[in-house]
Amino acid sequence: MHRQSCVASLYSLLVVTICLCACGDSGSYRLSWTLGCADARGPCQVVSVFSCAQVGIDQVQVEAVRDGKASVSRFPCFDRLDGAKATGPGLAAGEFTLNVVGLTPDGHVLTDAVSQTVTIPESGVVEVSVDISVAKQCADGVDNDGDGATDAFDPQCSSADDDSER
Ligand SMILES: [Ca+2]
Ligand SMILES: [Ca+2]
């Protein structure tokens with residue numbers, strides 16, 4: 001009898017613990033991204049790590065801002081399991097502004113921020129998608145034409161604003 005109730009309480013403790021870890025009581029965002037679809041300068045759909053590497057992006061940084069406070073998360077630009085998608089951290093329910101940028105392999109901000117307002121639910125996720133505009137070819141840290149010279153070192157680049165290494 002005693003053992004049974006002990007097992008029962010252990011079991012309910014386990015259920016509560018699992019629920020605290022897995023259920024949570026906060027929602028988040030589920031973000032998917034494309035690269036340079038809008039201006040037709042990027043690969044648009046991200047199908048591999050190469051889609052990201054060819055425009056110099058290694059990670060996607062998301063800043064979730066509310067009342068001047070920001071929660072910053074970084075995700076791989078292309079995840080082997082998740083692709084060009086990521087689930088954000090637990091956030092309080094309500095309206096947030098998401099500022100999304102692409103980062104270089106050494107963690108510098110490479111792209112202009114794209115901002116989107118979302119309403120985080122009490123639980124579960126709100127689906128969001130953004131199109132990240134890519135950097136100019138002469139400022140993306142990539143040897144775009146494969147001639148061994150990158151950006152300012154490429155004689156074909158007239159300035160950092162030049163969008164062609166060719
Ligand atoms: Ca380049
Ligand atoms: Ca080059």
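Leaving aside its neighbours within four places in sequence, with which residues is Tyr29 in contact? In this predicted model, where two residues are in contact if their C-beta atoms, placed from the backbone, lie within 7 Å, Tyr29 is in contact with Gly88, Leu98, Val118, Ile120, Val125, Val126 and Val128, its neighbours within four places in sequence being left aside. The C-alpha atoms of Tyr29 and Ile120 are separated by 6.6 Å, although these residues are 91 residues apart along the chain. Tyr29 counts as buried because it has 23 C-beta neighbours inside 10 Å; a residue is buried if 20 or more other C-beta atoms lie within 10 Å of its own, exposed if 12 or fewer, and partly exposed in between, with C-beta atoms placed from the backbone.

Residues are numbered from 1 along each chain as its sequence is written, while chains are lettered from A and ligands numbered from 1 in the order in which they are written. As the model is predicted, local features need pLDDT of at least 70 and side-chain atom pairs count only at pLDDT 80 or more, whereas totals for chains, interfaces and linings use all residues. The predictor's confidence in each residue is given by pLDDT, from 0 to 100. The protein has a mean pLDDT of 90, with 85% of its residues reaching 70 or more. Over residues 13–22, pLDDT stays under 50, and the model has zero contacts beyond four places in sequence for these residues. Where pLDDT is low, the predicted coordinates should not be read in detail.

The protein contains two helices and seven strands, and its elements run α-β-α-β-β-β-β-β-β from the N terminus on. Helices (H or I, at least four residues) and strands (E, at least two) are DSSP runs, numbered from the N terminus. Strands of a sheet pair through backbone hydrogen bonds, either parallel or antiparallel; two strands are said to pair if DSSP finds at least two bridges between them.

Tyr29 lies in strand 1 (residues 28–35), which belongs to an open sheet of three strands with the order 4-1-7 and mixed pairing. The edge strands, each pairing on one side only, are strand 4 (85–87) and strand 7 (125–132). Strand 1 pairs with strand 7 in the parallel sense over eight bridges. Within this pairing, Leu31 has Val128 as its bridge partner, and Thr34 stands opposite Asp131. Strand 1 and strand 4 pair in the antiparallel sense over three bridges, and the bridge partner of Ser32 in strand 4 is Lys85.

An open sheet of four strands has the order 3-2-5-6, with antiparallel pairing. Its edge strands are strand 3 (69–76) and strand 6 (114–120), each of which pairs on one side only. From one strand to the next, the twist averages 25 degrees; axes are lines fitted to C-alpha atoms, for helices over the stretch in contact, and angles run from 0 to 180 degrees between N-to-C directions. Strand 5 (residues 94–103) pairs with strand 6 in the antiparallel sense over seven bridges, and Thr97 has Thr117 in strand 6 as its bridge partner. Strand 2 (residues 59–66) and strand 5 run antiparallel and are joined by seven bridges, with Ala64 opposite Leu98 in strand 5.

A nonpolar core is a set of buried Ala, Val, Leu, Ile, Met, Phe, Trp, Tyr and Cys residues joined through C-beta atoms within 7 Å. Of the 26 residues in the largest nonpolar core, those touching the most other members are Trp33, Leu35, Val46, Val55, Cys77 and Leu98. At least two residues of this core are supplied by each of strand 1, strand 2, strand 5 and strand 6, and strand 1 gives the most, with four residues. With its neighbours within four places in sequence left aside, Leu98 is in contact with Tyr29, Val62, Ala64, Ser115, Gln116, Val118 and Val128.

Over the whole protein, buried residues make up 25% of the 166 residues. Among contacts between residues at least 6 apart in sequence, 57% join residues at least 24 apart.
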